[in-house]
Amino acid sequence: MKEEELHNELASIRNIMERSSKFISLSGLSGILAGVYALIGATVAWFVIKDHPTAFVHTPPGTFDFEIFFNLISVVEYLIMIAIAVLLASIITGVILSIRKAKQKGESVWNKTSRLLLLNVAVPLLTGFAVIIMLFFKSDLTYTVSTMLVFYGLALFNASNFTYTDVKYLGIIDILLGLATAFFPEYSLWAWAIGFGVLHIIYGSIMYLKYDR
Amino acid sequence: MKIPFEKLDKAFENRVRLQIMSVLVVNDRYDFNSLKELLAVTDGNLASHLKGLEKEEYILVNKSFLGRKPNTNYVATAKGKQAFKQHLDALEQFIKSTKS
């Protein structure tokens, strides 16, 4: 056996080990774009909230003000639509860019590793979604953003076993940010903009520079 | 220069076998079709190498059904993992000896 052959052999082993257990067609660019969508969404949300100044006014317990109530309902409707739009745009972008990256490398996107990754992301995310729905039916919107951040962070932490390990730290930061937001829910919009906007852009850029070039 | 060829495992002389083993040491189990796709080999080629590893007792075969489709999973045995590690150690030593 020649030395060069040996090096090739070891390189191929390392490559196979990595590719067999991790989904590495995630694109850093999709992280950056998801962050941009989130910041746009947060800006729109800020204007919506500003246009309805009475929506979040606290009414004394036992009283009921119809105007405030309907204001709140319409604001919440807007906010839900914004969140869904940001989520859908991010997912679509992520899927398209992953397909593109996989094609460039001559691999398929739908394989064992991507299935594992999706399953491990889906469990914490759907749990978080269920919690938010439950809070919603209890008419408690105080902890919506902190719940989103905590469960999204858990999903990323879980996902890091099946893709780039860097995602783990983003997950931890999101969890901590979510917990902090639970103590200061009045800063929810800012936390949302940081957690889903700024952090995605920073992390996406790091991943892009590290793996995509 | 002394080459520890005797330490290199004959079962891993073939590259596909070494690749199969490297997949199975980092994953709890792997199914036939995913292995085929990952290693880009033909059905027959993969099957014969899997047989070879099974004969050495380096891997275990689990046959089950997913609905109606047969689903064959492979698992590395402790013996197989040990052999793989020794093989890599031998390769590493070989590289070191050529460098010095």
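**View 1. The largest nonpolar core, 26 residues, in a predicted model.** F12(B), I20(B), L35(B), L39(B), L46(B) and L50(B) touch the most other members. Such a core is a set of buried Ala, Val, Leu, Ile, Met, Phe, Trp, Tyr and Cys residues joined through side-chain atoms within 4.5 Å, buried being under 20% relative accessible area (1.4 Å probe, protein chains only).

Local features need pLDDT of at least 70 and side-chain atom pairs 80 or more, while totals for chains, interfaces and linings use all residues. Residues count from 1 along each chain, chains are lettered from A in written order, and side-chain values use heavy atoms, without hydrogens and water.

**View 2. Around L50(B).** Leaving out residues up to four places away in sequence, L50(B) touches I20(B), F32(B), L35(B), I59(B) and Y74(B) (heavy atoms within 4.5 Å).

**View 3. Where chain B meets chain A.** Here 23 residues of chain B contact 19 of chain A. The two bury about 1,900 Å², 64% of it on carbon and sulfur atoms; that's accessible area (1.4 Å probe) lost on being put together, summed over both. R15(B), L38(B) and I95(B) supply 25% of what chain B buries there.

**View 4. The salt bridge between R15(B) and E9(A).** Their closest N and O atoms sit 3.3 Å apart; the cut-off is a Lys or Arg side-chain nitrogen within 4 Å of an Asp or Glu carboxyl oxygen. The count between the chains is one salt bridge.

Key: Buried means under 20% relative accessible area, exposed over 50%, partly exposed in between (1.4 Å probe, protein chains only).
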